[in-house]
Amino acid sequence: MWNYQSEAVQADTLASLAASPFNKIRKCVFPKHYHYNLAEPVRFPFPGNIETGFDYTRFDVSFFAELEQQIDRLAGLGIEADLIIFHPYDRWGFSRMPLEVDQRYIRYLVARLASFKNIWWSLANEFDLLKEKPMHFWDAAIARIQREDPSNHLISIHNWHNPPIHYPSNAHWYDHHNTALTHASIQHHDLHFVPEWRETFNKPVVIDECCYEGNVDLGWGNITAQKMVALFWHGVCLGGYVTHGETWLSDDEIIWWSHGGKLKGESVKRIAFLRQLLEEGAAKRLAPVPWGSHWDTSMGMSDERWGLFYFGDHCPGYKMMTMLPPDSVWKVDIIDTWEMTITPVAQEIRQGDKLELPGKPWIALRLQRL
């Protein structure tokens, strides 16, 4: 909800983003009523207020002009605006508007914002909590956006309920097979399912919520910085894309996850380190390794020539490199993902070689085929 905050907080948000490794943020159009988000906004997408009601026949053009300015500022920082169109955390009635109002709102949003190069469309945050909107509503809304957006921006929809392991046996998830969706936007805390989702949906998997570094009294928002970094490494090594979040309590009641402001956690610079590793040299797109698996290791390769193997909180003192393909030779670096150090291995490594390791958590390997 950073776009609903004061100018000072918005300025702090943009300054924090400019110094961060992040290239996409999720942001809502409608205000949010939720823990730590109880202040009344000054302006809304529709004219009116909570006391007198809202005029759904008109849009507050000044609200959307400000929204455009915020999106443009993000573009100047090279950051995509993943715009959340609907969400369930509401005390104003925006989650329960008549169908014709929803449709007009979507059309207006696309007409105003489709010309921005850095827009993504997120149909909803936790769409399955919007109980009054049936599945066919989302089908129609996605089709409308695809039809009316001449720029074909990326588009997806975000879930609340965590499904069982095997999709599609659970009816709570939207069917990401829909060809109009460019990627699967998923909320889940276990990133070891990323390979299965890649295989199931045959499109990029973006973990748009996997828990947040912080100390709030809600289980999704009080993981350690080490865990946040580990989620990024597991997700990336298994071929996914991961979204950061931070929920540190603050005396000024400004929490990054919802208000923006200033980043306080320890994970950001280590996520920047991971991004730097990926962006050095030739372009890379990791996929889970096709040569079998070690259950204590998340392994991803790019064109079978460059890879990252991550041990997470496992602490092997050595590893038998049986996962490498036969008749291949590799240069290996041992990476401490928390200390952000890179230690080259002196000898070349082949399939089955014994590789000595530090015997501590948060260790990864960078492999380059010779």
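## Ground rules

The model is predicted, with local features needing pLDDT of at least 70 and side-chain atom pairs counting only at pLDDT 80 or more, while totals for chains, interfaces and linings use all residues. Residues are numbered from 1 along each chain as its sequence is written, and side-chain values use heavy atoms, with hydrogens and water left out.

## The parallel sheet and its helices

Let's start with an open sheet of four strands, in the order β1-β4-β5-β6 with parallel pairing. Strands here are DSSP runs of E with at least two residues, and helices are runs of H or I with at least four, numbered from the N terminus. Two strands count as paired if DSSP finds at least two bridges between them. The edges are β1 and β6 (155-156), each pairing on one side only. Five bridges hold the parallel pair β1 and β4, and Lys27 has Leu83 in β4 as its bridge partner.

Two helices lie over this sheet. α2 lies across β1, β4 and β5 and runs at about 170° to β1, while α3 lies across β4 and β5 at about 165° to β4. (The angles run from 0 to 180 degrees between N-to-C directions, with axes fitted to C-alpha atoms, for helices over the stretch in contact.)

## Nonpolar cores

In soluble globular proteins, nonpolar side chains tend to be buried together. A nonpolar core here is a set of buried Ala, Val, Leu, Ile, Met, Phe, Trp, Tyr and Cys residues joined through side-chain atoms within 4.5 Å. Buried means under 20% relative accessible area, exposed over 50%, and partly exposed in between, using a 1.4 Å probe and protein chains only.

The largest nonpolar core has 53 residues, and Phe46, Phe86, Tyr105, Leu109, Leu113, Trp121 and Trp138 have the most contacts inside it. Elements supplying at least two residues each include α1 (7-18), α2 (61-76) and α4 (135-148), but α3 gives the most, with seven. Apart from this core lies another of 37 residues, among them Phe201, Phe232, Leu238 and Leu308.

## Asn37, a buried polar residue

Asn37 sits in the loop between β1 (24-28) and β2 (48-49). Its relative accessible area is 6%, so Asn37 is buried. The Asn37 side chain makes polar contacts with the side chains of Ser258, at 2.6 Å, and His259, at 3.3 Å. (A polar contact is a pair of N or O atoms within 3.5 Å; within protein, one must be able to donate a hydrogen and the other to accept it, and residues adjacent in sequence count only if both atoms are side-chain atoms.)

## Helix α5

Helix α5 (residues 194-201) has three names on its buried list: Val194, Trp197 and Phe201. Seen down the axis of α5, these fall within an arc of 60° and so line one face of the helix; the arc is that of the directions from the helix axis to the C-beta atoms. Among the elements covering them are β7 (184-187), β8 (205-209) and α6 (225-237). After α5 comes Asn202, with a positive phi near 55°.

## Strand β16

Seven of the eight residues of β16 (residues 329-336) are buried, so this strand is largely enclosed by the rest of the structure. β16 pairs antiparallel with β20 (residues 363-369) over seven bridges, with β17 (residues 341-344) over four, and with β18 (residues 349-350) over two. β16 and β17 form a hairpin with four residues between them, where Met340 in the turn has a positive phi of about 60°.

Terms used
Contact means heavy atoms within 4.5 Å.
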